Amino acid sequence: MSGTQRRAEILVAARRVFAERGYAASTDEVARAAGVSQPYVVRLFGTKRELFLAAYSEASEQILATLGAVPAGPDAGRAMGDAYVSLLADRDLLRLVMHGFIAGADEEVGRVARHTLGEAFHLFRERSGADDETARGFVAHGMLINVLLAVDAPAHRGEDGGLDALVQCVEDSITERRTA
């Protein structure tokens with residue numbers, strides 16, 4: 001396996017491990033998940049921070065590429081919503097992004113987090129022609145979905161009536177989007 005392939009394999013493992021454990025995960029945990037030695041991970045990425053930043057940047061780029069692939073036009077708002085919903089299948093992607101927002105006090109991680117939010121807002125306005133308030137709602141709804149996934153809300157139905165109602169409301173909006 002080439003160094004490029006091994007690096008990509010380590011980033012897949014890092015996405016999974018950091019999604020599960022956040023920035024508290026160690027390079028050793030990532031190495032074990034990737035089936036390589038911890039010194040090899042450090043040799044490729046330098047530090048845990050750089051490994052996290054690489055995995056987080058890749059995840060953020062995937063989200064922006066998915067949104068950016070939607071052509072401008074009258075149906076762009078709905079298409080961008082559908083594109084974002086398609087990302088829900090990769091729970092690790094969205095949970096890693098949440099951990100990135102949490103780790104946003106780090107200068108570089110914070111820069112990626114702020115860019116991701118700003119660019120999602122910009123892309124939605126640009127592609128859909130929507131006003132600022134509608135674009136804000138799009139980003140806010142996406143963040144709500146991320147938070148609900150991060151706390152595994154759907155798996156805890158029956159524990160809290162208010163949360164149950166919120167999850168149902170969000171699930172209904174996603175179902176409407178998929179069947180429209």
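User: How many cavities of 30 Å³ or more does the structure hold, and what makes a space a cavity?

Analyst: The structure, a predicted model, holds 1. A cavity is a set of points, on a 1 Å grid over the protein atoms alone, where a 1.4 Å probe fits but cannot get out. The largest cavity has a volume of about 160 Å³, counted as the space filled by probe spheres set on the points.

User: What makes a residue part of the lining of the largest cavity, and which are closest to its centre?

Analyst: A lining residue has an atom within 4 Å of a point. Of the 13 that qualify, Ile-63, Tyr-84, Leu-117, Ala-120 and Met-143 are closest to the centre. Helix H8 (132-150) is among the elements giving two or more residues, and H8 gives the most, with 5. Helices here are DSSP runs (H or I, at least four residues), numbered from the N terminus.

User: How do you know that the span of helix H1 agrees with its number of residues?

Analyst: The expected span is 1.5 Å times one less than the number of residues. H1 (residues 3-21) has 19 residues and should therefore span 27 Å; its end C-alpha atoms are 26 Å apart, so the two agree.

User: Why are some residues of H1 called buried, and what do they pack against?

Analyst: Buried means under 20% relative accessible area (1.4 Å probe, protein chains only). In H1, Ile-10, Leu-11 and Phe-18 are among the buried residues. The buried residues of H1 pack against helix H2 (27-34), helix H3 (38-45), H4 and H6, where contact means heavy atoms within 4.5 Å.

Definitions and conventions:
Residues numbered from 1 in each chain as written. Predicted model: local features only at pLDDT ≥ 70, side-chain atom pairs only at ≥ 80, totals over all residues. Heavy atoms only, no water. 1 Å grid on protein atoms, 1.4 Å probe; cavity = no way out; pocket = protein on both sides within 12 Å on 5 of 7 lines; lining within 4 Å. Buried < 20%, exposed > 50% of the residue type's maximum accessible area, 1.4 Å probe, protein only.
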